Amino acid sequence: MSYSKSLINHHFEMKITSIALFFLIPLFIFTFGSVVGEDHDTVVEYLSTPFPALIVALTLIIGLQHFQSGAKTLIEDYIRGLSYKIALVFVKALSYFLMAIGLYSIAKIAL
């Protein structure tokens, strides 16, 4: 794949995740905000329902995907050599690790 196609794909991915987050963040705020300050059992019961669990999971996945893409741009602009490869691997690993922990936690609550 040529460098220009890579840039187009990256730009397209950032646009898609931005649009998705534009709708998901308000949904997340209204969904999760309704139980902020409640006791633990109330929050667990609320997140046990499919809609809030799905909103939290989608916000987590798409938000971290957007973070990963933006961090990749920063790394490409400012880091060279071996540090470049290490930084890219670190950002991808961190992002997927946080996704896995978050999804595991949501599944544990929801099931």
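Guide: The backbone oxygen of Met14 lies 3.2 Å from a polar atom of the Thr17 side chain; a polar contact is a pair of N or O atoms within 3.5 Å, where, within protein, one must be able to donate a hydrogen and the other to accept it, and residues adjacent in sequence count only if both atoms are side-chain atoms. The model is a predicted one, in which local features need pLDDT of at least 70 and side-chain atom pairs count only at pLDDT 80 or more, while totals for chains, interfaces and linings use all residues. Residues are numbered from 1 along each chain as its sequence is written, and side-chain values use heavy atoms, with hydrogens and water left out.

Thr17 belongs to helix H1 (helices are DSSP runs of H or I with at least four residues, numbered from the N terminus). With a relative accessible area of 8%, Thr17 is buried (under 20%; exposed is over 50% and partly exposed in between, with a 1.4 Å probe and protein chains only).

Helix H1 (3-33) also contributes to the largest pocket, as do H3 and H4, each giving two or more residues to the lining. A pocket is an open set of points on a 1 Å grid over the protein atoms alone, where a 1.4 Å probe fits, with protein on both sides within 12 Å along at least five of seven lines; lining residues have an atom within 4 Å of a point. The space in this pocket is about 200 Å³, a volume being the space filled by probe spheres set on the points. Among the lining residues are Ser6, His10, Gln65, Lys72 and Leu88. By class, the lining comprises 2 nonpolar, 6 polar and 3 charged residues (Ala, Val, Leu, Ile, Met, Phe, Trp, Tyr, Cys and Pro count as nonpolar, Asp, Glu, Lys and Arg as charged, and the others, Gly among them, as polar).

The axes of H3 (residues 50-78) and H4 (residues 82-110) come within 10 Å and cross at roughly 175 degrees. The two helices are therefore roughly antiparallel (over 145 degrees). Their contact is made by 19 nonpolar, 4 polar and 3 charged residues.

Glu76, in H3, is partly exposed at 24% relative accessible area. Its C-alpha atom is 8.7 Å from that of Leu88, 12 residues away in sequence. Tyr84, in H4, is also partly exposed, at 24%.

Terms used: Axes are lines fitted to C-alpha atoms, for helices over the stretch in contact, and angles run from 0 to 180 degrees between N-to-C directions. Angles under 35 degrees count as roughly parallel, over 145 as roughly antiparallel, 65 to 115 as roughly perpendicular and the rest as oblique.
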